[in-house]
Amino acid sequence: MAKKKFVVGCFDDEAVLFPAVKKVRTAGYKIKDVYTPFPVHGLDHALGMRETSLHTAGFIYGITGTSTALGSISWILAKDWPLNFGGKPHFALPAWIPITFELTVLFAAVGMVLTFCYLCQMAPFVKKHHFHARATDDLFVMVIECTDKTNAEDLKGFLASSGAVETDIQVAEDGWWLGRYDRDEVPFQKNQTVAA
Amino acid sequence: MHLKYESQLREPLVYGEKNYHQVTEDIVRPIEAKPSKLWYIGFYISVALLLFGVYSIYRDVTYGIGQWNLNKTVGWGWDITNFVWWVGIGHAGTLISAILLLFRQGWRTGVNRAAEAMTIFAVMCAGQFPIWHMGRVWMAFFVLPYPNTRGPLWVNFNSPLLWDVFAISTYFTVSLLFWYSGLLPDLATVRDRAFTKLRKRLYGVASFGWNGSTKHWQRHESLSLVLAGLSTPLVLSVHTIVSFDFATSVIPGWHTTIFPPYFVAGAIFSGFAMVQTLMVIIRKVFGMEDYITLGHIEAMNKVIVLTGSIVGIAYLTELFMGWYSQNKYEGYTFWYSRAYLFSPYGWSYWGMMACNVLSPQIFWFRKMRRNLFVTFFMSVIVNIGMWFERFVIIVTSLYRDYLPSSWSVYYSPTIWEIGFYAGTFGLFFTCFFLFAKYFPVIAIAEIKYVLKTSGESFKDNMGKIEEQTMEEFVHDHAHH
C-alpha cells in the first residue's frame with residue numbers, strides 16, 4: 001500500500017472541534033477523518049458524511065431469517081414428513097411463530113455485526129495506522145490528507161489557529177493490514193498501579 | 001450539533017471533577033493494577049465450586065441421571081428449577097442495555113456493561129441444565145433440525161421445548177454480539193494505553209483494530225440502536241417461551257394463561273436483584289462510587305419494587321383463579337399443595353411470598369432504596385425468593401398428580417444435584433471475576449458521551465443556560 005502524507009490536528013474539546021471542522025472545510029481542505037474517543041453526535045453531518053445504510057442491511061437479513069424459518073418448517077412439517085400431533089393440522093402456523101421470530105432476530109443480528117465488521121474493516125489481527133494514541137482516550141484527532149498543492153506547514157499553523165492543541169505531520173499507510181499493535185512504540189509510561 | 005443540556009433537577013450520573021482522561025483512568029485502573037487478595041480468594045472459591053460442579057456432572061454422565069432424586073412424577077426437579085432461575089437472572093443485562101436505551105434512560109450507561117456480562121454468564125449457566133438433563137448428552141445434537149439418515153426424521157417444531165432451544169441459543173448469541181460490539185471501543189482504549197507488549201498485543205487482537213473513526217462511530221451507533229430494537233422483543237420472548245414449557249401443558253398449576261407476563265416480570269425482578277448484588281460489590285471493590293452512584297442503585301430498586309409487585313399480583317391472581325375456576329385439581333394444587341402452610345411443600349410457597357412479595361415493599365421508602373446494606377441484603381433475598389418460585393411451580397405441581405396411587409414420595413435433591421447447582425455458581429463467578437479483572441466494567445465511551453451533560457462538575461453550566469433568555473440561548477447554540 002502506498003504511503004501518504006497527512007497533517008494531524010488534535011483538539012481536546014468538541015466545542016472547539018465543530019467550528020474548526022467548519023473552518024477547515026470552508027478553506028477547501030479535505031478531511032480524511034476525525035478520530036474520537038466516543039460518538040460525537042452531529043460530527044458525521046459536519047464532515048459531510050451520508051447516513052449509514054447498515055440498518056437497511058439488518059432489515060434484509062431479518063427478512064431472510066423469517067423466510068428461512070417459515071420455508072423450512074412448513075416444508076418439513078407439511079410436505080417432507082407430515083407427522084400427526086394429536087390430530088392437529090400439519091400446517092400449524094401459530095405454533096411456528098416463536099421459532100420464526102427467533103430466527104428473524106438471529107439472522108438480523110449476526111448479519112449486521114458481520115456487515116459492520118466488513119464495512120469498518122475490523123477483525124482480530126487487523127491493524128491500522130493510529131495517528132494519535134490518545135484518540136481513544138481524550139483527544140479528537142482531525143486528519144487531513146495532503147495533496148501535491150498542500151503546504152503542510154501552513155496547514156499546521158491554520159489548525160493551531162483553529163484551536164488544535166497539538167499538530168503534527170505524519171507519513172502513514174492509509175488502510176489496513178495484518179499486524180501487531182505491540183510492534184508500536186509504547187506511548188505511555190507505566191502507570192502508578194493502585195491496589196484495587 | 002446536538003444540544004448539550006440536561007435539567008439541573010436531574011441527579012448527576014457521574015460525580016466528582018472529571019475530564020475525559022480521568023474517566024479513562026478511573027475505569028481502566030483495576031485492569032492495569034494487580035488484583036487484590038480479595039479477588040484471588042473469591043476467584044479460587046469460584047474455581048473450587050466449578051470443579052465440584054464438573055465432578056457432579058462427570059458422575060451424572062457416567063452413572064446417568066439416576067444420580068438425582070427425580071422420581072416417577074417429579075421428572076423435573078432442581079435442574080429445571082435452576083435452569084429457569086438462571087435464565088431469569090440472564091434477563092436484566094439485555095433489558096438494561098436494550099430497553100433502557102430505547103427509553104433513553106441515561107443512567108443505564110453506568111451499569112450496562114457489567115449487567116450484559118452478567119447476562120451472558122447467567123445464560124451459559126442456564127444452558128447447562130437442559131443439556132446435562134438429557135442424560136445421554138452425546139445425543140444432544142438430536143435437538144437440531146439437520147438432514148439425517150433416519151428418514152430424515154425432523155424435530156417437532158410445534159413443541160415449546162424446541163422453541164426453547166431456539167430462544168435460548170438466539171438470546172445467547174445476540175447478547176454476546178451486543179456486548180462485544182459495545183466493548184470494542186473500550187478495548188481499544190485499554191490497548192492504546194497498554195504499557196507491556198503482551199497487553200498491547202492481546203487487547204490489539206481483542207479490539208479488532210478499532211480506531212475511533214467518525215464513520216465507524218456512525219455505523220456503531222446504528223448497529224447498537226438496531227441491536228437494541230431487536231433485543232427488546234427478544235428479551236421478552238425468551239422468558240415467554242420458557243413459560244410456554246409449562247403453560248402449554250395440562251398439569252394443574254402450569255396451564256395458566258398469565259404465565260408469559262408473569263415469568264417476564266419475575267425474570268426482570270431476579271435479574272435486577274443479581275445486578276444489584278454485583279454492583280454493590282463492584283463499586284466498593286473497584287472504587288467506582290462516582291460512576292455507579294446511589295442514583296443508579298435507587299433506579300434499579302424502583303424496578304425491583306415494581307416487578308416484585310407485578311409478580312405478587314400474578315401469585316394472587318393464580319390463587320383466585322384456583323378457587324374461581326372450581327376445578328378440583330387446580331384447587332388442590334393451589335390451595336393445598338402450595339398455599340397450605342402445613343402441606344409437604346407449603347414452606348417453599350410461603351418462603352416465596354415472603355421473599356418476593358412482602359420484603360421488596362420496603363423499597364417504597366426512598367431512604368431504603370438508597371441504603372447500600374438494605375439493597376445488598378434485599379438483592380440476595382429476592383434471588384432466594386425467585387428460586388423458591390420456580391421450585392414451587394415445578395415440584396408442587398408434579399409431586400401429586402391425578403392418581404393418588406402414583407403420588408410420589410417427598411422429593412429432595414441428592415448431593416450431586418446440589419453439586420451441579422453449586423457448580424454453575426462457580427462457573428458464573430469464575431467468569432465474572434475474570435471479566436472484572438480483564439475488561440472495563442463500565443462502558444468508558446458511553447460515560448464520556450454523557451459526561452458533559454450529566455457530570456456533576458458540568459451541571460453548573462446548565463444553571464447558566466436555564467437563566468438565559470430565548471434570544472441569548474438561540475444565539476449561543478445555533479451556530480453549529
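**Ground rules.** I number residues from 1 along each chain as its sequence is written, and chains are lettered from A in the order in which they are written. Since this is a predicted model, local features need pLDDT of at least 70 and side-chain atom pairs count only at pLDDT 80 or more, while totals for chains, interfaces and linings use all residues.

I looked up contacts first, taking two residues as in contact if their C-beta atoms, placed from the backbone, lie within 7 Å. By that rule, 68 residues of chain A touch 68 residues of chain B. Among the chain A elements that give two or more residues to this side are strand S2 (31–35), helix H3 (54–80) and helix H4 (93–119). Helices here are DSSP runs of H or I with at least four residues, and strands are runs of E with at least two, numbered from the N terminus. H4(A) gives the most, with 17 residues. I then sorted the chain A side by type and found 47 nonpolar, 11 polar and 10 charged residues. For that sorting, Ala, Val, Leu, Ile, Met, Phe, Trp, Tyr, Cys and Pro are nonpolar, Asp, Glu, Lys and Arg are charged, and the others, Gly among them, are polar.

Chain A is assigned domain 1 (3–51 + 125–183) and domain 2 (54–119), with bounds from an automatic or database assignment. Their C-alpha centres lie 44 Å apart. The largest one has 177 residues, and A:Ala109, A:Val141, B:Met118 and B:Val275 have the most contacts inside it. Helix H6 (residues 160–192) of chain B gives the most to this core, with 16 residues. Both domains of chain A give residues to this core, so it lies between them. Leaving aside neighbours within four places in sequence, B:Met118 is in contact with B:Gly93, B:Met274, B:Val275, B:Leu278 and B:Phe432.

**A glycine.** A:Gly71 lies in helix H3 of chain A. It counts as exposed because it has 11 C-beta neighbours inside 10 Å.

Notes. Core = buried A, V, L, I, M, F, W, Y, C linked by C-beta atoms within 7 Å. Buried ≥ 20, exposed ≤ 12 C-beta atoms within 10 Å, placed from the backbone.
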